[in-house]
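I would like to walk you through a single structure, so please look at the sequence and the model as they come up.

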Amino acid sequence: MKKLAFPRELRLLTPEEFKTVFKQPQRAGSPYFTILAQPNTLDFPRLGLAVPKKQIKLAVGRNRFKRLVRETFRLRQHKLPHCDFVVIAKKGASELSNEELHKQLERSWQRLSRRLRN
């Protein structure tokens, strides 16, 4: 059975790691968020989050958004290609219900995975 954890090694931590993803990334998303992806040389995918206060005002909303993104990534990590991903929140993301945000994230992960594997 595969371990579905989210350890530190699966996170983008430094500004340099984020900058590499922002250079000519593959994109997928919805009106509420954008997912950027760039292939990496590692044997696993990594995740970075960008949730600006300007887009989601309250800390409660930003934390909820990050928690849901991390959870969908954690559950899909073994199906994702070996890429670095950055999820950027947009206005209105905090107004979605947990279920609706989860559905939109799942759709975007699938779309991006198909595009990166081709």
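**Salt bridges and the core**

Let me begin with E17, R46 and D84, which are linked in a network of salt bridges, a salt bridge being a side-chain nitrogen of Lys or Arg within 4 Å of a carboxyl oxygen of Asp or Glu. Please keep in mind that this is a predicted model, in which local features need pLDDT of at least 70 and side-chain atom pairs count only at pLDDT 80 or more, while totals for chains, interfaces and linings use all residues. Residues are numbered from 1 along each chain as its sequence is written, and side-chain values use heavy atoms, with hydrogens and water left out.

Helices (H or I, at least four residues) and strands (E, at least two) are DSSP runs, numbered from the N terminus. R46 also meets D84 at 2.9 Å, N to O, which links strand β3 with strand β4 over 38 residues.

Are R46 and D84 buried or exposed? R46 is buried, with a relative accessible area of 12%, and D84 is buried as well, at 5%; buried means under 20% relative accessible area, exposed over 50%, and partly exposed in between, with a 1.4 Å probe and protein chains only.

The structure holds four salt bridges, and another of them is formed by the side chains of R76 and E106, at 2.6 Å from N to O. R76 lies in helix α2 and E106 in helix α3, so this pair ties together parts that are 30 residues apart in sequence. R76 counts as buried at 10% relative accessibility, and E106 counts as buried at 19%.

Turning to the nonpolar side chains, the largest nonpolar core has 25 residues, and those with the most contacts inside it are L47, F65, F73, F85, V87 and W109. Such a core is a set of buried Ala, Val, Leu, Ile, Met, Phe, Trp, Tyr and Cys residues joined through side-chain atoms within 4.5 Å. At least two residues of this core come from each of β2 (33–39), α2 (59–76), β4 (83–89) and α3, and the largest share, five residues, is supplied by α3.

Finally, Q24 sits in the loop between α1 (15–22) and β1 (26–30), where Q24 is exposed at 75% relative accessible area. The phi of Q24 is near 50 degrees, a positive value in a residue other than glycine.
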